[in-house]
Every structure is written in C-alpha cells, then in structure tokens.
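Take a walk through this assembly, starting from one chain and moving out to its partners. Keep the viewer open as you read.

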Number of protein chains: 4
Amino acid sequence: MNSFGRLFRVSIFGESHGRSAGILIDGCPVGLPLSEAEFLHDLERRKSGAKGTTKRRESDIPLIKAGVMDGKTTGAPILILFKNSDIDSSAYEQMRHTPRPGHADFTSFQKYGGFNDYRGGGHFSGRLTVGLVAAGVIAKKLIEPAKVEAEVVEVGGSREIEKTLEDALRKKDSVGGILSCRAAGLPLGLGEPFFDSVESLISHMVFSVPAVKGIEFGAGFAGSAMRGSHYNDEIINLQGQTKTNNAGGINGGLTNGNDLLFRVAVRPTASIAQSQSTIDMRNGETTTLSVKGRHDVCIALRVPVIIEAVTAIVLADLLFIHKSLWAKGGVIHE
Amino acid sequence: MNSFGRLFRVSIFGESHGRSAGILIDGCPVGLPLSEAEFLHDLERRKSGAKGTTKRRESDIPLIKAGVMDGKTTGAPILILFKNSDIDSSAYEQMRHTPRPGHADFTSFQKYGGFNDYRGGGHFSGRLTVGLVAAGVIAKKLIEPAKVEAEVVEVGGSREIEKTLEDALRKKDSVGGILSCRAAGLPLGLGEPFFDSVESLISHMVFSVPAVKGIEFGAGFAGSAMRGSHYNDEIINLQGQTKTNNAGGINGGLTNGNDLLFRVAVRPTASIAQSQSTIDMRNGETTTLSVKGRHDVCIALRVPVIIEAVTAIVLADLLFIHKSLWAKGGVIHE
Amino acid sequence: MNSFGRLFRVSIFGESHGRSAGILIDGCPVGLPLSEAEFLHDLERRKSGAKGTTKRRESDIPLIKAGVMDGKTTGAPILILFKNSDIDSSAYEQMRHTPRPGHADFTSFQKYGGFNDYRGGGHFSGRLTVGLVAAGVIAKKLIEPAKVEAEVVEVGGSREIEKTLEDALRKKDSVGGILSCRAAGLPLGLGEPFFDSVESLISHMVFSVPAVKGIEFGAGFAGSAMRGSHYNDEIINLQGQTKTNNAGGINGGLTNGNDLLFRVAVRPTASIAQSQSTIDMRNGETTTLSVKGRHDVCIALRVPVIIEAVTAIVLADLLFIHKSLWAKGGVIHE
Amino acid sequence: MNSFGRLFRVSIFGESHGRSAGILIDGCPVGLPLSEAEFLHDLERRKSGAKGTTKRRESDIPLIKAGVMDGKTTGAPILILFKNSDIDSSAYEQMRHTPRPGHADFTSFQKYGGFNDYRGGGHFSGRLTVGLVAAGVIAKKLIEPAKVEAEVVEVGGSREIEKTLEDALRKKDSVGGILSCRAAGLPLGLGEPFFDSVESLISHMVFSVPAVKGIEFGAGFAGSAMRGSHYNDEIINLQGQTKTNNAGGINGGLTNGNDLLFRVAVRPTASIAQSQSTIDMRNGETTTLSVKGRHDVCIALRVPVIIEAVTAIVLADLLFIHKSLWAKGGVIHE
C-alpha cells in the first residue's frame, strides 16, 4: 500500500519523530550519475525558511544506502534514507489523546487501534515528503529532456501572496493555496486507456501529498461551464499542437503533444496557534487545544517541489511502459 | 494497464464498434445473489433517453459468462459481456484520418501507429463504461450498508439545467457539467497512508471515466481560499463526527466517520454538430469536419451512475484490505 | 488473484460446466496478425484423441471478442472466449458431497463454503487451460525468434510410454509423467534479481497448471549431488556459451546465453475408474466412489503445449520489462 | 521487480560490499511485539560457523529504522537495515572482467552494461538473504500458531553429511544438498486457484533464494512414476486429513488440512578454491581463475532458515488474502 508504480516504483517509509524517513526506488536504469549533492537543491525548496514556512530545522541530508556505485546507478534498488535528529517529541505525549483538528491524529488512532506512531503525525507526517522529493530528483533526470515545473499561483484566495501571509500570521491563523504545474517536452501518446490514463496516475500520486484536496486538468472546473465549440482544442499540425489547451495536454488519457497542465488545491495548514475545540479520545469529552511550536502559515508554499516530484515519478513510469509496449510496435530483441 | 484493484479487481475490455465490451471481476466473495436483471436499473440510468442524451439504442443486456452458479457468486472471476449490435461504422471510415477535436482519435492513432480500432473511438469509447457500471452494481452490494449517490449539480455553469440544454441543442453545441458524489455509512479509518489514500484511489478511478477533468474533496478549491481556523472540522464525538465537513470526510487519506464528499468536473461533449477545423493525418493539412449523427448535448448527465460505480469499486477494495490487515489487529485463524 | 504478469498480463476465467472459459490478455503490442485459425494447432495438441487421453469432445473454438481489428491486434485488451457446450453435469450432482480423491473438490468446497461451482471441478478444472494455450499462441509470436518446446520424456517412471499406458488402462488406473521444456534463442540477461528471477516466474506459472507437482532447472535435483567442480558451467565465449548446461541456462536468475532448460513432474490423473474411499461431507462418514466416464489415463500427455504456453507468457513479459528498463540504458524518447 | 506480495509485501535492497543490505516490509498488522533481539536466533542460523560454512564474520545486526514504536509494530512500513562493514573488496577488482563460473558475474555484467556493482556479487549476493530472514521472523509470528520448519536431508547425494563435507573440503571442492520443509497448523483452503496457488507462490519465492534449482511438493518427481490408485490421498475426516500425503498438503492449489510438504534442491557452492577456466570479458579470451578466500563448502547448510522465511512470507500473505475475501463469506463491517 506504500508503493506506487509499475516499472519505476517507489516505496515510502518512516515517521516524523522515529529514527528515519526515506524512500526505496526500484526500476531505475543503470549509469545515471547520482550523488547526494544533487538532491540538495530540491530538498532546499521543500524546506523551511521562507516567510510563512516553519523555522524548524530538519535533517535533510539524503544518505544513499544502496543502488549506487562510483556515483552511478547500478540497476539495483536505490535506498535513500534521512535520519531524524534533535527531536523533542514530549509535546506530543500530552496530545496523544486529543486529536488535532484537520490532522490524521484521530483517523490513524482509530485505524490502528492506538498502536500508530502518534508523535508529530508519525507515518502520516509531511516529513515523509523528503522521500518523494528525493525520488523526484531521480525521476526528473529520467524524463529529460522533458521538464516539470510547479508554482504557487494563489494563497488564501488571493494573488497578493506576501500580504495574505502576513495577515494570517498576525491572526495566528493559516491559509491554503493553489498551485499550477506544467510538464513540457513529453512524447505524444503517453498514458494508457482507462485505469492508467495520465490524469488517473497523476491524480493518484498528487493526492498522496498531504493537504492536497483538489486537482483539475486544463480548463478543469471552469471548463465544465464552457460550450463544446469553445472547449474543443483545434489540432493544427501533425505534432498534435492545438490552438488552445483546454484539455491540459491530454485526450483520451494520453498526452496529445501539448504541454501537460494541471492545478492543485492545497488546504490551509491544519496546525494553528489559535485555540481549537476537539475531544479527548479516552472519554469523548470536549476539550481545547492550541498547537504549540512554529508551524507553516501556508503549507502550500512548500508543495510545488513535491508536486513536481510525484509528477516526474508518474511520467518516468509511463515512459518506461510506453517504451516497452508501444514504441516502434513493441517487439523486442535489440 | 486495463486493470484496477488489489483484492477486488476489475479488468475492462472491448470496443465501441467491435464484437463486445465488458468487464472481468476478480475477488468477489461467494454467495452474493446476482442475476442479469439486477444490472438493468443502473445500466438504464447510464443509457440514452433523457433530454440532452443520445437517442442511439444500445445493446445494454449484460451476459454473465462466468463466476455465477444458481444465481450466486462462486468466488471465481465474474465475466460480464455486452454484445455490440446494429452498428453502422461506415461513417467512421471517412473520418479515419481526420481526428475529431476533443476525442482520443489523434492521440490513439499516434500511440498505436494507426493499428487502433478507430471506429467510434474504439477502446477509448464511452461505450466501455457499461462494464464499469456493471462492476459497480456488484461493488455497491459488497459495501452495504454503505451507500454511494451521485447527481448532476450544474450544467454549462448554470443550475438551470433544462434551459441550458435546450439552448445548447438549438445552437448545435454541447455543454459540460459538475457532479456531486456522497458516500455514507463507511467505517472509520478506511484507506491507507500516502499512495493508497482514499483520495488517491477514488481520483484514480474517477479520471478513468471519459470526459472527467477535475475532482475536489470537501471544500476543495474553494477551501484553498479559507483560513485554517474556519477550514478545520471540529471533532465532536468518538464516532469522529465533525461540525463541518470541509475535509470531505477524509483526514490523512483515511475516512473520518463523516460522509465522503467530492465533486467532479465533466468537460462538454466533444462531438458537436457544428463544423470544426482539424487536420488530415495523412498530410497535415487543415480540413473541416462536422460530427454526424445524434450525440449527447451533455455527457455529464450520463456520468453520475458511472461515478457511483467507480467509487463503489474503490470502496469495496479498501474494505477488503481494511478487513484483512487492520480490523481487530490483523491476525488470523478463524 | 486470477491474473499474472506485469506488462504482458493474462487473466483467466471460466468453469468446466458453466457457460464459458477463456482468457483476457493485456499488454499485447499492436499490429500482430491474429486469426482464430492460428490458435487451432496448439489447441489441437492440448485436446483429446491420442491414446491415454480422454475421448470427450470439447468446444475448442476460440472466439476473439475484443482487441483485434482486420486480423491485427489493436493494443487494446484481447478477450478470447470458449463456449462450453453439450455438457451433461448430472453426474456431478450426486458427487457434490463426496469429494473425488486427488481433486480440488474437498478444498474448494471448504474454501468457498459450498458456493463454488462443483460441476467437473468448476473453476479448478483443467478445462481452463484452453485459455492458457490461447494466450501462449500469442506469447509465442511475441518472443520470436526465440522458441519454446516441451515434450513428455517419461510416463509412469518409464520411457516405454505406449506399454505403460496400455497397462494402466487395462488396470483401470492412471499414471503420471515427466516433461522436458527448452527455450532457445533468448537474449542474454533476461530476468530480474531475486523475486522476478527467471526460475521464480516460470515456476510460478508452471505450478498454476493443474497436476504439476515439481520443477527443476538444468541438472536440478541430480545437480544437488554433484561437486561444484563438475557442476559449474565453463563460459567459453562472449555470447555466454558454456561447455555444459547444468544451470539450465540461468545464473543469478538471469538468462545466460544458453538454452533455458527445465523439467516438470506431473502427478497421475486423479480420476480413475477403480473404486476409491472418500468421505461424505455432510456427515463425515466414509463412503466409496468410482469416477464414471472417460478420463485421461495420463494427463501428462496433454500438458506439454500448456507448459510451452505459460513459459512463453513469462518470457514475453520479461522481454517487455527488459526492453523497457535495461536495453540500451533505459532512457527514452523515440 | 524487487518486491513480492499482495498485502504482506517485502521489498529487498542492498549489495554485498556496498553500504547496506536490508528489507522493507509493508502490510504488517499493528501491535506485534518486535525487538532487534528477536531476529538474532534466525540470523544466527543463517550465519557462518558450522563446518562447511564460511568463516567470514558478517555484520548481522538488524537495525529497525521505521515502523516500530515502543517495541510494537505501528502499521507503517518496517525498514530493517544491515550495515556492511570491514569489507575488503580489492580482491574483486581484479576479477571484474573474469566472471566466476556459476555466479551471476557474467549475466549481471551483460544485463546492466557493466554498471552493476560487481563486488562480491553486488545485489545478486547471498548477503541479501539477511533481509529475507528478517522478514521471515516477522512472518513466522504472523502465521502463528502455524509453524514452518526446514532442514537439510542430503548433502552431495549422501545422507552422511559430515563425511561428505570433509571430503569436499579436502578436495577444495563444494557440494550441493537437498532440503525438506514442512508447514503445520495451516487453515484449510489457503491459496487461490491458478496463478496464486500455494505451489505457485511458494516456488516463486523459493527460487528467489540464490542457489536453489529445484522444488517438488509431496511425492513430487517420484510421484510422477506412481499409479493414480496409489498416489491419490484418501480423505478420512471433515478436517481433510488424508491417509497418505503424496500431494504435499495441497489440492487444486489450496491447502487441504494436512501438513504442507516440499523439498528443495540446492546446487553446489559456485565458489571453489580449485582453478577454473573462464573468459576475460574485455577480449573473450580464455583465462583461469581460482576464487580466493573462505567460502562455504556447502551453501545448502545455510539455506533452511531462508526457506522457512520465504515460506512464512508467502503464507502470511495468503492468510491475509484469505481472511479478507473468503473467511466467513467475505463481507465486511466490523
């Protein structure tokens, strides 16, 4: 259940306040140059520091524990491990039975009968996205020359990002945001009909990113209000280029030669400094809770690099399937 | 690639104008009463007839070819076959090299090097959703007493559905729509962290339905404009009931004891009677095309029962996984 | 559970005395010529007629219900259906509660709480191997120019096949046999380390053939009695050719450039005309039973074409994985 | 490709002379007591020391890096890591282009274009079986009260194990062996028809253990020489108990209520101190090589605990599937 992919396959593991978090990657071709330094740029983008993001220092040093020799991938599974350090989880002990609203505290306690690691969200923590970002760094190399880029386009319903963040911070509140993601340079015809459509696989992975609550491709929800005569993208050449791109670069679940475009809705950060009502799971009684410590005012600001990563992971897998079965008729023997 | 599910698993097959369409279902428990008549209600809902839906008569008689004996499931795979009949595909021959805008004609031709069944969309046709609906009928029984219900809430950006359809029809145009879906009565804690979150699996299947271009859970895109203090759903009892349901019944990818709620954006029907520009794939030259025959003015009207079906398929699978691993601690021996 | 394969994927369905048996095949490349006539040769080899095989006429006409247009594969799933006909299942009704020794009657009744299709073994019947043979015909084309050939090398512990069969027939008894299978012309390096080793995947599929109880690669069990200095195959050229072939063409789970060789043990036919003891499942009391009708004296005689089929299915899948990930470094963009 | 299992799922990683080896385990129920100490007994059985096994000291300390809190499983994936230490791989550098006969050196070099980790077999090394043994320790707990036990029954074709080992050692040679494995206490009806038969899944995993070249269930190859009237196991009570156990406890791919029995053939250790011919992969010329260092005279002696482990892994997965779908009719809601 913690794995995804058919040929290029990632398996996630770890906890927020346990020993480690990380990812295991299977199906990576050989000879790909890979050093720990190459992960740092994207990991930095995911990290704390920018306004509205948490100040907590994290152990963001990726340790390549398997699958690489002499700086190149070997074809064997690649294990990337991030150690957790300097963790004070005492604050979580007192919250063990008072679930934070908007978090997985209540659902995971119920699902696992209280045996779940409750400290800082445990296995459900955003901490685990370090592994996704690391796998994304590899996937981005594999899909070259195609490129994936995501950015925040709206925060708290507003394009005035700075102002909105400051306002929320002052009110001890949090805000959500909307991201836009674009993949350019993909081959035509990527994806499979029905269950492995490009939209199916990308949305599958995008919703595995904590705090994501919506996705739309191309014109998306706004497109449902359009007339067909305006919505249909007119094909203008044999490369599949269209005049408009309301379909977000996908027809029939397959890439159509235009940029792949989608937007992602991210909910407001669940942890806020304001006092909130919740229940005590030992007796069902109402109690209040205010989440201590420094938290992201807007978790959406850290999400673009994660969305890029999961998108690249899906595209790498689709490219491998495509290469195997459909490119040049499929039959073999090189 | 044409299969989905871990324990309750569906495999789709068929073409619009080939011999048949249908579905193969694995992992259905024994002793479930099942007759061909039981499929008819949902198949009827998917069918033509209502204003704005095509008048074409379809062969919507499900034939149970395997997996059922004496009106009960046997534990073996269930094959449900729909024969195609009375099909005139001559109209498609002349369009073989002039892809209809908004359809999979161009992408599938390119992907499969022209070997794809091009008649009426072939394997990419909405015709294949008969199989999804049939599997959904079984899945709905398996998830009882939980219930899934979907409905159209908006057409062409308007809640005045009748008027919008008539207007589009008059203009030889088409419109999209928005659906709302609700699942009630689900156990708490369904779903898996990360890749098999409820959102991940539902969106995966929902985007396998032709014409779907967006999905949002709970407050979704609008929620990204909210403050955390308003967005967070306050838990009020040990059953997980919350005062609001902005999360759409899911926290951390797991059902939280409230109704599961999501909305789906459906693009306008691609086939319209108006003349449209496209290219001739033999030479890349611009040409025009108008799609003959009767077509749905608004395909969204036929989609609710399909969304219910794919949702029930996902929930049945999640229930089986849940029962196996997490219910009562997981260990075995009955 | 009734599916196998990662890219080239088969799903089996049907019953012995139900409406049909057959197979659904996903991941078949486009443009492969395929007619119903092409299946007949291998289906004939599986069929009744030879001495020691049952005289029962079967409906061995393959109906291609999806995935082929104008005699060529389209890239969509291929459904091959065999109708069951002329079936008298009344004989099975009286045996419903008296399980035939050596058959799945007892275990399937217990597993499925009596809801299983009990007629002639139901879903557990050798009848379903028609689907495997049909998929094998396609797989054999996909792995060309590689070839797979299997033959019976021993019957009832003896190489005097005719004599042994006549003797068993006279005594109303049955015999088992040993098969040898060889695949030639495979590329070097096929297979994956550990769980998808060539031996792992071939044995997985070979044991899905009813009545198979053993498999050994190369020198196999006899090899375990050898010294390493004699067992090790000396590599003599860059194509990997070895002086001996004790490893059966596989090192480290990967094809090594020599013929792939393995042997399969097939148990004696379970159905015999002699009277046998069993229990009545309604009360646990001992009773006797003699299996009426004509049965194979030696089921092993019908198995070679099925072993070829499942081997070709595995090899096709491994070739697709190999082509995708490892051939020429793995990266993409054609 | 380096993963196995549907609900209880293991993913293997690591290299012989890289940084680490280990296993990632998904689908383990919550609340299972688990400490690093509990792994030591089985790891010790796998280790060096006994006559005929290598003297090399290994770093066999399992580090639980994720999935366990306060000594109990949390439901999240369990990562078990073994660090490699004190490794002198200089000896392998000079052998890089002269593949050791019987090893994966030649095939893995060819498959991965020379990018594979060649040191001590790299990812293909028996070293990685530490991970399998560790996962087996967990699986054995999950299948309780069922038990799996394997032992060596023959070495070098002889039951005089000590004498055979001494003789081989004196001659700088190696020997193979045969193991017997028995699982007792399993529920009736475990396994799935066709592709997920008990034999299919067990053989799949057993052949992933390096050096295994054959498997037979119950009477196996010898059974193919028997008459049906002697081979068929007579059922004597409602628990499925049979007078004989020629079927090895499996009918129709399902457990039949008797002990599960199978035998495994292990080839002679590939590394021997004698000089052997091979080729230089740079030019194809013949050269000689003698494998330095201490090696197992008989690798089969270390294999029983690994066979137990992979068997328990398969059984745990089958138990979870069984519990979910077939136990008590399959439908849900606890």
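How many Å apart are the mean positions of the positive and negative charges of chain A? They are 3 Å apart, for 38 positive and 36 negative charges. Lys and Arg count as positive and Asp and Glu as negative, while His and the chain ends are not counted. Each charge is placed at NZ of Lys, CZ of Arg, CG of Asp or CD of Glu.

This is a predicted model: local features need pLDDT of at least 70, side-chain atom pairs count only at pLDDT 80 or more, and totals for chains, interfaces and linings use all residues. Residues are numbered from 1 along each chain as its sequence is written, chains are lettered from A and ligands numbered from 1 in the order in which they are written, and side-chain values use heavy atoms, with hydrogens and water left out.

Now the fold. Chain A has nine helices and 15 strands; these are DSSP runs, with helices H or I of at least four residues and strands E of at least two, numbered from the N terminus. Its radius of gyration is 21 Å, close to the 20 Å of the globule rule for 334 residues, so chain A is as compact as a globular protein of that length. The radius is taken over C-alpha atoms, and the rule is 2.2 Å times the number of residues to the power 0.38. Along the principal axes, the C-alpha atoms fill a box of roughly 65 × 55 × 35 Å.

Burial comes next. Of the 334 residues in chain A, 69% are buried (under 20% relative accessible area, 1.4 Å probe, protein chains only). Helix H6 of chain A, residues 198-206, is mostly covered: nine of its nine residues are buried. Among them are A:Val198, A:Glu199 and A:His204.

Then the partners. Chain A and chain B are in contact through 108 residues of each (heavy atoms within 4.5 Å). The area buried between them is about 8,100 Å², with 64% from carbon and sulfur atoms. Buried area is the accessible area (1.4 Å probe) that two parts lose on being put together, summed over both. In chain A, A:Met1, A:Phe194 and A:Phe195 lose the most area to chain B, together 12% of what that side buries.

The contact with chain D takes 40 residues from chain A and 40 from chain D. About 3,200 Å² is buried there, 62% of it from carbon and sulfur atoms. On the chain A side, A:Arg19, A:Met69 and A:Phe115 lose the most area to chain D, together 19% of what that side buries.

Key: Buried means under 20% relative accessible area, exposed over 50%, partly exposed in between (1.4 Å probe, protein chains only).
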